[in-house]
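Please open the model in your viewer and keep the sequence panel beside it, as this tour moves from one selection to the next.

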Amino acid sequence: MIDRRAMLKAGLGAAGILAIPAVFAQPGTSRTRIVFLGTKGGPRVGIGASNPANLVVVNDTPYLIDCGMGVSRQLVAAGVPIPSVKYIFISHHHSDHNLEYGNVVYNAWAAGLSTPIHSFGPKGIEAMTRTFWELNKFDVETRIADEGRPDPRPLLIAKDIDADGVVLKTSDVTVTAFRTPHPPITDNFAYKFETPDGTIVFSSDTAYNPKLAEFAKGADVLVHECLYVPAVDRLVLKTKNGATLKKHLMDSHTSTEDVGRIAASAGVKTLVLSHFVPGDDPTVTDDDWTRDVKKNYSGRVILAKDLMELKLPV
Ligand SMILES: [Zn+2]
Ligand SMILES: [Zn+2]
C-alpha cells in the first residue's frame, strides 16, 4: 500500500521534484514491492520527473525494467544498492528506455559489482552490450590493471528476446514477454511478473492494444503508459518537428481513455499510470490524467510518481 498524500507532504510537490527518498518497508513486512524510478515518458531530460525506469523487488532481489537516463541515481535515491540488481529487462530500444543500460551496469561495477547481471531485451541487446564494452574499453582495462578490479564484462550476460513467452523463471518469479505494437517499432515487449504476492504487468510503450488486456487478464497490478491527448498540441509546439512528432505520439501511444478500456477489459485490481506523455507539463493535473480513464475503469487508479513505492499484495 502507498500513502500518496504523505509522500506529497514529504516533498513530492506539484512540479514532481523529489525532495526525499521513499521510505522502505521494514525487513520481513513485505516480500514484493514495485518502485517507480522514473515516470516521465520521452527522452528529454528535465529537473522534474526522471526518464522511464521501474523496479520490482522480490525477496530482496531487484529486477530493473528499463534504463532511462537517471536510473542509476534513482536507484541510489531509492536506497537500492546498484550492485544488488540481478536482472535487467529492456522493453524496447527507444533511448528513453535504454540510454543508461550499459552505464547502470558500469555504475554497479564502480560500486563493487561482483555477481552476474542477466539482461533481456528485444533483438539488439546483445550487440549493444558488446558495443558498450568496446566504447568503454580504455577505462575498464585501465581500472582492472591499475585498481585491481574484477573484469566486469563477463558479469553482464545479455540475451536477445525474439518471441513471446517465458524469459526468466526463478524460485521467486516467472517473467513473460509479450510483443505489443509501438509504431514504427515492432520489437517491443510488455512484461508480466508472477510473484508470490501477485502478478504485475508492465505495458511498455504501446499503441492501444486490446490483446494486451488478454495478456494482463486478472493481474493484480497493471502499470500502463499514458498519453493525455489535449496536451499533445501544446507539447508539439515546443519542437521544430511538431507535425511528425504529433503523428508518432498519436499512432504509437495509448490515450488515457483507452488505458481505462484495457484495465477494465483485463479486470486488473489496480491500475498504475506511468510514462506520462507529456510528463513535464505542469498545467496537466492529476484529475486530467484520471478523468477519461474512469469513463471505462472503476477499479483503483494510482498515478505513479518518481520513487513512489507500491507493496504487494494490493
Ligand atoms: Zn518511452
Ligand atoms: Zn518508446
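Which residue bridges the zinc ion (ligand 1) and the zinc ion (ligand 2)? Select Asp205, which bridges the two ions, and they lie 3.5 Å apart. This is a predicted model, in which local features need pLDDT of at least 70 and side-chain atom pairs count only at pLDDT 80 or more, while totals for chains, interfaces and linings use all residues. Residues are numbered from 1 along each chain as written, chains are lettered from A and ligands numbered from 1 in the order written, and side-chain values use heavy atoms, without hydrogens and water.

Next, show the donors of the zinc ion (ligand 1), which are Asp96 (OD), His97 (NE2), Asp205 (OD) and His275 (NE2), at 2.1 to 2.2 Å; donors here are N, O and S atoms within 2.8 Å of the metal (3.2 Å for Na, K and Ca), and because water is not among the atoms, sites may look incomplete. Asp205 counts as buried because its relative accessibility is 2%, and His275 is likewise buried, at 8% (buried means under 20% relative accessible area, with a 1.4 Å probe and protein chains only).

Then move to the largest nonpolar core, which has 30 residues, with Leu37, Leu55 and Leu64 among those with the most contacts inside it; such a core is a set of buried Ala, Val, Leu, Ile, Met, Phe, Trp, Tyr and Cys residues joined through side-chain atoms within 4.5 Å. Finally, select Leu55, whose contacts (heavy atoms within 4.5 Å), leaving aside neighbours within four places in sequence, include Arg33, Pro62, Leu75 and Val80.

Notes. Buried < 20%, exposed > 50% of the residue type's maximum accessible area, 1.4 Å probe, protein only.
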